Amino acid sequence: MEVKGSVALVTGANRGIGLAFTRALLARGAAKVYAGVRDPESVREPGVETLRLDVTDEDQIAAAAVAASDATIVINNAGIQAGPSLLEGSLEGARRELEVNYLGTWAVSRAFAPVLAAGGGGALVNMLSVASWRVSKRWPSYAASKAAEWSLTNALRVGLRPQGTLVVGVHVGFVDTDATVGLDVPKVPAAEVAAQTMDAISRDMPEVLVDEVSRRVRAALSGPVELLDPAP
């Protein structure tokens with residue numbers, strides 16, 4: 001579908017990858033971009049319309065679906081990484097990750113499925129991760145939430161196909177955002193994630209493998225499970 005002239009909603013749009021999505025949509029000629037955020041005062045980007053949207057709040061999701069009833073692209077970007085290591089720490093953070101990353105994405109997708117159908121199908125984009133396929137003892141619950149979100153994305157692709165909705169899953173390794181400032185690892189610019197996602201929407205591609213690590217791990221899914229274990 002065409003990004004130019006589209007009306008888009010981006011969740012978690014005030015910083016990082018979400019902000020990059022917002023800027024890429026505007027740069028490619030989107031007619032309107034809704035920034036769905038928990039705190040509308042945190043949005044400083046010109047040219048967007050802010051919506052108060054906590055993806056764990058059913059009332060706010062329902063209100064957003066009414067306010068953005070003209071949306072033709074929905075990007076589920078909101079997510080957190082708050083869980084414990086494998087053998088230590090409270091499980092409360094893990095529950096929160098599932099609530100936001102998995103159930104929040106599901107709730108927003110449900111609410112906006114009829115909106116996209118009314119607009120002719122449109123596109124639903126879920127911001128996933130290489131962690132959908134590869135685990136870490138440092139962040140096992142984050143990986144579990146992204147694996148669940150990947151499964152949900154595949155289910156949405158099947159379920160929304162009859163209404164003509166393109167469902168896109170975006171996978172990437174570490175991205176250069178505030179969340180990764182303390183990590184000394186190769187990182188992909190957030191703008192690159194957004195650019196490749198815009199290309200995928202324009203070309204009706206269901207999956208985006210942004211970097212080499214996501215392409216390598218995706219290919220390893222057909223091999224022995226040991227190939228999915230990260231380096232020590």
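**View 1. Pairing of strands E4 and E5 in the predicted model.** In E5, Leu124 is the bridge partner of Val74, and the crossover that carries the chain from E4 through helix H3 (residues 92-118) to E5 is a right-handed β-α-β crossover, a term used where, with the strands pointing away from the viewer, the path from the first strand over the helix to the second runs clockwise. E4 and E5 are parallel and share 4 bridges, pairing being assigned if DSSP finds at least two bridges between two strands. Helices (H or I, at least four residues) and strands (E, at least two) are DSSP runs, numbered from the N terminus.

**View 2. Strand E4 beside strand E1.** E1 and E4 run parallel and are joined by 3 bridges, with Ile73 of E4 as the bridge partner of Ala8. Both faces of E4 are covered, since Ile73 and Ile75 on one side and Val74 and Asn76 on the other are all buried (under 20% relative accessible area, 1.4 Å probe, protein chains only).

**View 3. Helix H1 and its surroundings.** Helix H1 (residues 16-27) has 12 residues and reaches 17 Å from its first C-alpha to its last, close to the 16 Å expected at 1.5 Å a residue, where the expected span is 1.5 Å times one less than the number of residues. Among the buried residues of H1 are Ile17, Leu19, Phe21 and Leu25, and what covers the buried residues of this helix includes strand E4 (73-76), strand E5 (123-127) and helix H5 (190-202). Just after H1, Gly29 takes a positive phi of about 95°.

**Notes.** Residues are numbered from 1 along each chain as its sequence is written, and side-chain values use heavy atoms, with hydrogens and water left out. Because the model is predicted, local features need pLDDT of at least 70 and side-chain atom pairs count only at pLDDT 80 or more, while totals for chains, interfaces and linings use all residues.

Technical notes: Buried means under 20% relative accessible area, exposed over 50%, partly exposed in between (1.4 Å probe, protein chains only). Contact means heavy atoms within 4.5 Å.
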